[in-house]
Structure formats: structure tokens, C-alpha cells
Amino acid sequence: MKVLIVEDEKTMALEMEAFLKKSSYLCDLAYTAKQAGKMMEDNSYSFILLDLGLPDRDGLEVLREAKKNCPDASYIILTARGDLEDRIKGLDLGADDYLPKPFSLLELQSRMQAILRRKSGLNDSKVPLGDFIVDLSRRSVFFEDQEIELSRREFDLLSYMLLHKNRPLTRSQLGDHVWGDFSESDYDSNFIDVHIKNIRKKMTAFGSVEWLQTIRGIGYKIKI
Amino acid sequence: MKLHSKLTLYTTLSKIAIVILFIWLLPRLVNDVASQYTNYYLREQKKKVLDNIQKKGIDYYLGGDSSYGSYTMLKEEYISLEPANMELHTDTIETSRRIVENDTLTYRLLNHVFEYGNKKYMLEIGKTITAIDQYNGPLQRVALYVLIALIAFTLVIDLIFTRLLLRPLGLIIRTKLVNRKFPFKEDLVPVKTSTTDFKYLDNSLIGLMNKIKEAFEKEREFTSNASHEMMTPISILQNKLENLMMDNEMSEASQEKIIGMMNTLNRLKKIVRSLLFISRIENDQFVKTDHIKPRLLVEEVVKELEDRVEARGIDIRLDIYAELTLHGINRDLIFQLIYNLVNNAIRYNKEGGKILISDQLIQEKSYTIIIEDTGTGIPQNDLVNIFDRFKKSKIAGEGYGLGLSIVKTIAQYHGISIDVRSVYGKGSAFNIIFPADMVSISATS
């Protein structure tokens, strides 16, 4: 899957590239609107990650034009401005999502997955997890035919860990995902523990949850 | 009391005092003048009598008798002349009774002893008190009427003038001080006045307010710029650390250190984000055109925090009954405001504590949502500055963070006031008071 990263901050673009490569995305980098335009003409992309604060042109204008050249790509706006108006305008112009800087790369990947799921229909959204099946589109967890009742937050946590499986996630990374702008780092971490405890309790009643590991001093990870 | 009322009261009272003093003084004054004049009149009479005696000789009057008496028809005045066997003395004037033809009358009397032809005589000239006093009554009455008329006239003039004089002051207070909510948005118009004191006061106020406004603008700009500028480096650092974390060959110890760094960076991120949020509110970036039903909004907040309430075993009760709509607000911001307060009520509560969210509608005045908890409470010393940015509590080094600063900023932006009551160790109550012009009572539902 090809991704175009349009970001004037070189280091930042390189970090995004490094991260997405590990999840087997192919990345092109553009540091200016001009470069981006040229690349969009020559290639076709599944994702275009667009920083609004480009040096040579207004990001929203770039988006409007890009939508014409690459109508099939999914667009995620990245911005440090974070003005509400930008967000609304960006989504109006057809962006699929909006991530204010600073954002977590894990969150970026999670948003990309969600867009993919949305665009590809409901078919391939069932993911096996040990003896369980997680249906990401319907937001439900099954053991054989039985549905396991998880709260909204519990499901958010489980699916996020599942997406980033085999990778230790810190409590604040999990908190950031679950509570977003409302999260308060230190205090929220305690509630992550409570939620994990509940997930374990609810799912152990049906089958083994050995895959959900606590990593001392760090956080949690799903290992499969 | 207002200056204008004080001046009005003072002017009125002082005039009344003058009238009372005058009423008390007037009879004495008139009597005094009348008696002075009578004395003068009696002395003049005496001179005339003595002149006549010099010219015509005493016998002309005595006519062989040992004494002489004469009075007018109504006995208002009389003169008597008789030999006296006493030493010469200075004249005396006294009020005394005399019997004149069987009538006992009170007279003002001049007594004069003189020698004439080696004989001593006593001359007595009298005038009845009634005659003396006959003009006193009418005179006093007229004087009093004139005085009252004059006082009333000057009083009206004084009051009108005071009013005119103080009008600029009232205008300064009304336009510059009363109901002024910071930050001042509209331009300040100088009050027109020819009184230099007021002009000075007004100009000083405008100057001060502009200075405050300027300082505020500068701070706002700085916060906004600085936070923006910090976002990109924080972003880069965060992503670098995240990538580093994925390195499988890293030792556990190094990984833990990276987690520590990430947590610290996370804190920095939250602070910068909150500051940016505050500066965005202060920069008017949120439109206030939403309307909400308070009960629905509070229910939504509580639902959002449900898991925390549950995890801490807190008993939360909603007593919100008023059927009304709050309008002219930004829904997201008010949500955030209530969220932060309820979140604090959970956070600083004790395990298994209670939270009560209730409301109160004072007709035509204001609508209040009250969030009470049975938590740790806030020490009295801290109460004043819990809403300030980065203020640390004196206990246990725990800061209140930016949550309450955000609450304050949102409240200020909407013209909502927040009242806090707290007993340390027992709990706190936050009152969110919505001004009357935001509240519309809905007849439906």
C-alpha cells in the first residue's frame, strides 16, 4: 500500500516513514506542496498524509487540488495549528480524518486502519484473538457464537492493543487513545489498569486470555 | 450610599436645620429688636419731656399738685411725674405692672430721677407690652414664609445642580466599572465633562484599562505562539521515542528509561495542549451559538465518566430538574467545563464517596448547577488561587493543574461565574452560575 507523506518538517516525515515501513506501507516523502503535486501526478496512493502548514502553499488549497488528482486516495490532515475551523474545512473538503500535532504514530496507524475498514466494507473486519473473534466493524467480541459484553472503553482498549499486537503499549499511550483530548496522563493510567482487569475478568469466563500480557514497568501488550 | 444621595441628603438636612434654627431664633430676635427699639423710644420720650420741663417749668405740669400723670385713651402709653425722696441714680428700664384707672397693665417702664429747683422728682414713662408686641406676630409669620420660600427654591436649584454636576461621575461608573467583565472587548469612550477631576479620573481609568488589556493581549499572543512553536518539536520527539520503543533488541532497562521519557514528554504535551486550548478560547475561536438542555448535557458528562465513577465506587446522584434551555453558548466548551469539574469531584473524592449534581433556578435572575463532593476539600488558603495556572497546593506538593484554569477561561468567555465552597477534609461544592440572559424557560417537555 502506498502512502504519500507531505510534511515540511524533515525529521518528522522520516519518523513517520520509518514507522509505517515496519507495518509494510511503502512511503514517498514530499517536503513542499510543489513536490507533492508532482508526486501525485506521477503515482497513485492509497493514503496521503497532509500537513497543513506547508511553506509554499496553504494546506487546504493543496488538499482541494489533490482531491482532483487523486480522488481515490484517503486523506488524513496533520496540523499543529489545530484550529477548529481548519478541522471543519478540511473534513468539508473531503479529508477522511484529522490528527492534531503532536500525535502518536500508533494513533496514526489506528486511524488509517479505521479508514481502510470503513472503505472496504464490513467483510474483512473480523480478527482472531486466541480463542476469540474480534469484529472491529460491529465492535463486538465473540467466543464461538457467544458475544462477550465489553464496555465501549474496554473494546477501544482491546482493539487498539490488537492492532498494535506484539508491541508493548504504555499506559499513557493507551489513555491517549481512549480519552483523546480529555486524557490527563498520570491520573488516567490507573483507570487503564481497571479496564484491563475488567477485560480479563469478562473474557476469562469463556477462554484463556494468556495473550493479554502485563509488562512490568511499561504497560500491556497482546502477544499472538 | 451613593455620592449623589449623600449630597442630596446633606443639602436637604442642612436646609431643614436652617429653617428650624430660624423658627427657634425668630421670636427671640423680634422681641429683642422690639424691646431695644422701645428702650430707645422711651429715652427719646424722656428727652422731649425734660426739654419741655426746661422750657415751660415744672409747675406748668404739676399745676400746684404734688404729682402729674397723663396717658393716652387706650392707656398704651403714660407719663407720670412725682417728687421723689431718693438719691439720684442712673435711669432704669424694666417691665412692670401698673394700675391705671383700675386696669392692671404690664408696661415697659423708664425710670428717671432728676433735680429741679432743689427738689428731686421721679419721671416714669411707660408703654404697654401689648402695644410693643403688636407687630411681632405678623412680622414673624411673613419672615418665616419668605424664608421657607427661599429655602425651597434654593433646595430645588441645589439638587438639580448637584445632579447635573455628578452626572459624568455616574456615567464613568456605569460605563467603566459596573458589570465590566474582563477581558474588555469594546473600545472605551471618554465621558464628556467640563469638571477636570472627573476628566482626570476617566482618563486614568481608560489608561489603566487599556494597559491591562494590552498586557492581556501580549500574554495571550505569547501563549498562543509559544504553544504552537512547541508542538512540532514535541511531535518529533514523541515519534522518535515511539520508533525507538519498537526496537526489539533493546534491553529492558533501556526500554523502561524510554517509557520514563515518553511519560515526561506526554506531560509536556498535555500542558502545551491545555495552554493552547485556553489561548484559543481567549482568542474567540469558539462560536457561542449552541443551545443545550442542562440535564441532557450533565447526563452525557456523567456517562463519559461512568467507568471512573464505577472504578472508585462513588455514588453519584443527579438532581437536575429545571426545564429550561441555555442558549448563546458553545456546547463543547460547556461540556468540557462540567466534565473537568465532575472529573475533579471523582478524582479528589475518597473511595466510596458521594457526588451530588443539582440545580437551582432563581426566576429571572440566574440558573445554577451545583457539583458537590465528599472529597478531600481544598484548604482555605488555596481557595483563592485554585483557578490560577500552575498554582501548586501547599499540601503534598500536588498541583491542581490546568483543569480549573480551563474551567475559569470557559466560564469567563461565557460570562458564567463559578463559586467555590470547600471544607478541608470534608468536600467541596462548585456552583456554576449562568446569567439570566442565557436562560430561557421552555414550556414544552
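This is a predicted model: local features need pLDDT of at least 70, side-chain atom pairs count only at pLDDT 80 or more; totals for chains, interfaces and linings use all residues.
**Stop 1**

Select A:Ser24, which lies in the loop between helix H1 (10–22) and strand S2 (26–30) of chain A. Is this residue buried or exposed? A:Ser24 has 7 C-beta neighbours inside 10 Å, and therefore counts as exposed. Its backbone also deserves attention: A:Ser24 is not a glycine, yet its phi is positive, at about 55°. Most residues other than glycine have a negative phi, and most peptide bonds are trans.

Next, select A:Lys101 and A:Pro102. The peptide bond that joins these two residues is cis, with an omega of about -5°. A:Pro102 belongs to the loop between strand S5 (97–100) and helix H5 (105–120) of chain A.

Now display the whole of chain A. The chain contains 8 helices and 12 strands. Of its 224 residues, 37% are buried. Among the contacts in chain A with a separation of 6 or more, 55% are between residues 24 or more positions apart.

**Stop 2: where chain A and chain B touch**

Show both chains together. Chain B contributes 28 residues to the contact and chain A contributes 31 residues. On the side of chain B that touches chain A, at least two residues come from each of helix H5 (196–245), helix H6 (252–282), helix H8 (306–311) and H9 of chain B. Which of these supplies the largest share? It is H5(B), with 11 residues. Colour this side of chain B by residue class, and it divides into 9 nonpolar, 10 polar and 9 charged residues.

**Stop 3: an enclosed strand in chain B**

Select strand S5 (residues 119–128) of chain B. Because 7 of its 10 residues are buried, this strand is largely enclosed by the rest of the structure.

S4(B) and S5(B) form a hairpin with 2 residues between them, and B:Gly117 in the turn has a positive phi of about 55°.

B:Lys75 has 17 C-beta neighbours inside 10 Å, so it counts as partly exposed.

**Stop 4: a sheet of three strands**

Move along chain B to an open sheet of 3 strands, in the order S6-S8-S13 with antiparallel pairing. Its edge strands are S6 (290–292) and S13 (439–441) of chain B, each of which pairs on one side only. Neighbouring strands of this sheet are turned by 25° against each other on average, direction ignored.

Select S6(B) together with strand S8 (residues 324–329) of chain B: they pair in the antiparallel sense over 3 bridges. B:His291 stands opposite B:His327 in S8(B).

**Stop 5: a helix crossing and a nonpolar core**

Select helix H9 (residues 331–347) and helix H11 (residues 403–414) of chain B. Their axes come within 9 Å and cross at roughly 145°, and the crossing is left-handed. To see the contact, show B:Leu333, B:Gln336, B:Leu337, B:Asn340, B:Leu341 and B:Asn344 in H9(B), which meet B:Gly403, B:Ile406, B:Val407, B:Ile410 and B:Ala411 in H11(B). By class, this contact has 7 nonpolar, 4 polar and no charged residues.

Finally, turn to the largest nonpolar core, which has 39 residues. The members that touch the most others are B:Val301, B:Ile334, B:Leu337, B:Ile338, B:Leu341, B:Val342 and B:Ile371. Elements giving two or more residues to this core include helix H7 (294–304), strand S9 (354–362), strand S10 (366–373) and strand S12 (427–435) of chain B. The largest share, 10 residues, comes from H9(B).

Technical notes:
Residues are numbered from 1 along each chain as its sequence is written. Chains are lettered from A and ligands numbered from 1 in the order in which they are written. Two strands pair if DSSP finds at least two bridges between them. Helices (H or I, at least four residues) and strands (E, at least two) are DSSP runs, numbered from the N terminus. Axes are lines fitted to C-alpha atoms, for helices over the stretch in contact, and angles run from 0 to 180 degrees between N-to-C directions. A crossing is left-handed if the near helix is turned anticlockwise from the far one by less than a right angle, and right-handed if clockwise. Two residues are in contact if their C-beta atoms, placed from the backbone, lie within 7 Å. Ala, Val, Leu, Ile, Met, Phe, Trp, Tyr, Cys and Pro count as nonpolar, Asp, Glu, Lys and Arg as charged, and the others, Gly among them, as polar. A residue is buried if 20 or more other C-beta atoms lie within 10 Å of its own, exposed if 12 or fewer, and partly exposed in between; C-beta atoms are placed from the backbone. A nonpolar core is a set of buried Ala, Val, Leu, Ile, Met, Phe, Trp, Tyr and Cys residues joined through C-beta atoms within 7 Å.
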